[in-house]
Amino acid sequence: MENMGMVLALAGAALASILAGIGSAVGVGKAGQAAAGVVTEDPSKFSKVLIMQLLPGTQGIYGLLIAFITLSQIGILGGSAEALSLAKGFLYFAACMPIAIVGLLSAISQGKAAVAGIMMIAKKPDQMSKGMIFAAMVETYAILALLVSILAIFGIAGLNI
Amino acid sequence: MKEFTYSIARVRAKEAALLTKQDIEQLLSVDSRDAALRFVRDRGYRSDDDSDVTAEVQKELWAFIEELADEETIRILRLPVDYHNIKASVKAVFSGIDGEDLLIDGGTADKKEIYECVKTREYKELDERLAEVCEEAAVILNQTQDGQLCDIYIDKAMLAAVEDAADKSGDAFMKKYADMLADTSNLKTAYRCAVSEKNLSFIENAVYDGGTFNTAELKKAAAGGLNTLCEFVEPTEYGSCAEYMKISAAVFERQCADEIMRFMESARYESFSSAPIIAYHYAKTAEINTVRLILSGKLNKLADDMIRERVCMTYV
């Protein structure tokens, strides 16, 4: 029971990286299918559709970033891990959840928007920037969740509980 | 639900090469068949055979569609081809002519197989349903010697098969497409019956009992004449067809095709379902028919207006 704090904090870090990573994998995968379809018919559009395919990949990076920061804060990264109170462990867990959940869902949604954007490029390549903007809009919510997770993790470090 | 992301992206890329309304206008405005042939060749209709430049594009279309989706999904597109081949085979065998040139590719069954089965009256090679239709159509034609009755029977069997395939797929777009095929087919039948003043018993046999119309009322309206039919159609979702009924058969039939094309346009905003594949096939087939119509109009030196009133709307 005395290690539960550490277990919870580590679970939070793991979920941040797992869920956001799954979301990005699904989103990039869907966009990749659409990109491959366009390139099958018109290989000259490779660079344009590649950029669109990469857009849903950022949530996975955000999840990884939060996991790194959390691991660093609790001392697992760097080898200075000390016992963590249950409350503090739970707080770290909660702090990781915004990017874990929003990362998962926003990456899948962004993948769908990227698919639609790729199809727009297939028909109207000159409208690529607009397609990128539509998909990038979804990114806003992943960034907001990342911000909340970062602020919370750094805030928890200063708490004496 | 199946997803067709890769296939739809390919469709979107291909859609960019479909002939636009402006292209069709340009094609209509050229002054000779040679100029029209040059125009369509520049836009992908490459064929060594000047008498049918669309044949190669038609083959490419089926090859493309086969790459996009599984057989179950494209079955709804293949069934009308089967029933066309049955119709052509039964009539060719009955008339004692070689009908192989009348057959088209793309059905669920091989066209030559259908022809051979009808010719030999051995239907074991065919799917049970197709075999039944072949056998019954041949009996009707032999007993009545009336090609129209045979056509009516085969058309109704085709609409029923398409409707069953759509129901089996569970796809709302396909169901609506099957309904629209049945509705426009019933409208065209009712129109022809009304114009040629057919009696109710003939109309009752001719109209297919499916689609969204109250077919009992439609049959009665058709028996009542063109004005009664128009009054029946006006308040329905095919209301726009009613006003074209009063103009001419050609513009009315074009309007029926345009109604389906307008529905197909809804697939332009779909990114994952099979709808854009069905819509692309419909749009490309309509384009091929339009090209064929214009080229044959130019060959026969028909007036531009006469060709134009038969040209259906484009998908892009």
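Colleague: Which residue holds the cysteine sulfur closest to that of C256(B)?
Modeller: A disulfide is a pair of cysteine sulfur atoms within 2.5 Å, and the closest sulfur to that of C256(B) lies 4.2 Å away, which is too far for a bond. The residue that holds this closest sulfur is C241(B).

Colleague: What kind of model is this?
Modeller: Residues are numbered from 1 along each chain as its sequence is written, while chains are lettered from A and ligands numbered from 1 in the order in which they are written. Side-chain values use heavy atoms, with hydrogens and water left out, and local features need pLDDT of at least 70, side-chain atom pairs count only at pLDDT 80 or more, and totals for chains, interfaces and linings use all residues, because this is a predicted model.

Colleague: How many disulfides does the structure hold over all chains?
Modeller: Take C193(B), whose sulfur is 14 Å from the closest cysteine sulfur, in C256(B), so that the two are too far apart for a bond. Over all chains, the number of disulfides is zero.

Colleague: Is C193(B) buried or exposed?
Modeller: Buried means under 20% relative accessible area, exposed over 50%, and partly exposed in between (1.4 Å probe, protein chains only). C256(B) has a relative accessible area of 0% and is therefore buried. C193(B) has a relative accessible area of 4%, so this residue is also buried.

Colleague: How much area do chain B and chain A bury between them?
Modeller: The contact (heavy atoms within 4.5 Å) takes 16 residues from chain B and 14 residues from chain A. In chain B, the residues that lose the most area to chain A are T5(B), Y6(B) and F272(B), together 34% of what that side buries. Counted as the accessible area (1.4 Å probe) that two parts lose on being put together, summed over both, and with 67% of it on carbon and sulfur atoms, the buried area is about 1200 Å².

Colleague: How many salt bridges does the rule find across the interface of chain B and chain A?
Modeller: A salt bridge is a side-chain nitrogen of Lys or Arg within 4 Å of a carboxyl oxygen of Asp or Glu. The side chains of K14(B) and E41(A) meet in this way, at 3.9 Å from N to O. Across the interface of chain B and chain A, the number of salt bridges found is four.

Colleague: Is T290(B) buried or exposed?
Modeller: Leaving aside residues up to four places away in sequence, T290(B) touches I24(B), V311(B) and C312(B). With a relative accessible area of 7%, T290(B) is therefore buried.
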